[in-house]
Amino acid sequence: MARHMDSGSASMAHGASAPVLEVRDVTKTYGGRGATTHALNGINLTISAGEFVALMGPSGSGKSTLLNCVATIDAATSGTIMLAGTDVSRVSRSRLADFRRERLGFIFQDSNLLDSLTARENIALPLTIGRVPAARIETDVVAVAASLGIEEVLDKYPYQMSGGQRQRVAAARALVTNPQLVLADEPTGALDSKNAKLLLESLEAMNQSRGATVLMVTHDETAASYCRHVLFIRDGRVFTELDRGTDSRHVFFERIMQVVAVQGGVDDAR
């Protein structure tokens, strides 16, 4: 299960699955002398293979900064981020694009699809760039599209799809390479409740059927309730966590709401 540990701890127990992500004493500081912002303050967490984890917290808590550091979009000021045994800070600039494509999948609030490509071509893009044989590309694209229920839009362009369909195509593109970690940044933020539910059910199914490891930043308690584990971040640290265990999604939602109520809401500026 996902776990955090205090910054002073040297080690921690892991579950049976190997850790995909290990964040150790990570800090991120912006600005200079007299105008310094500490976005991350020695944060620690471990996510094992096959987990579906939500990061929640108030605006400015550091959750998106952490996601950007894990994604190698931003660099930590200090500490270590290990992705399947690789220290992301040691990946050379010339290798970063390949590293992201081969190891990571991304789902953003805006689907970020290429308007000039069909859904089939958008999903295939990371495989095409990786020079995967054409026959395998078609097989993999059809398989992931079927698992997300978007076969009917494969030959449509983004403008011909609903917002929910575009997000599921984006999810398919993120998952088609079987990345070690999928990073989802507010993936339901631009969707209505019906399409958000469809996307979250799809991600939940992909986590269970394909063993996809997903780390999702969200401010939405309903979205978080689809996950197996929720880490609550405040002032650049994990301050508490919830494990779903055998709870129904409804019961887990109520537990998440209780934590949010105690901390004053995830949408409040800190």
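Strands β3 (residues 52-56) and β8 (residues 214-217) pair in the parallel sense, with four bridges between them. This pairing belongs to a predicted model, in which six strands form an open sheet of mixed pairing. The briefing covers the sheet, the helices on it and the nonpolar cores.

**Sheet**
- Leu55 has Val217 of β8 as its bridge partner.
- The strand order of the open sheet is β6-β7-β8-β3-β9-β10.
- At the edges lie β6 (104-107) and β10 (237-243), each of which pairs on one side only.
- On average, and with direction ignored, neighbouring strands of this sheet are turned by 20 degrees against each other.

**Helices on the sheet**
- Helix α2 (residues 96-103) packs on the sheet through contacts with β6 and β7 (181-185). The direction of α2 makes about 80 degrees with that of β6.
- Helix α8 (residues 249-263) lies across β3, β9 (229-234) and β10. Relative to β10, α8 runs at about 155 degrees.

**Nonpolar cores**
- The largest nonpolar core comprises 48 residues, and Ile123 and Ile256 are those with the most contacts inside it.
- Helix α5 (residues 163-175) supplies the largest share of this core, six residues.
- With residues up to four places away in sequence not counted, Ile123 touches Val141, Val144, Ile150, Leu154, Val169, Ala172, Arg173 and Val176.
- A second, separate core has 30 residues, including Leu21, Leu45, Leu55 and Val91.

Notes
Residues numbered from 1 in each chain as written. Predicted model: local features only at pLDDT ≥ 70, side-chain atom pairs only at ≥ 80, totals over all residues. Heavy atoms only, no water. Pairing = 2+ DSSP bridges. Helix = DSSP H or I, 4+ residues; strand = E, 2+ residues; numbered from the N terminus. Axes fitted to C-alpha atoms, helices over the stretch in contact; angles between N-to-C directions. Contact = heavy atoms within 4.5 Å. Core = buried A, V, L, I, M, F, W, Y, C linked by side-chain atoms within 4.5 Å. Buried < 20%, exposed > 50% of the residue type's maximum accessible area, 1.4 Å probe, protein only.
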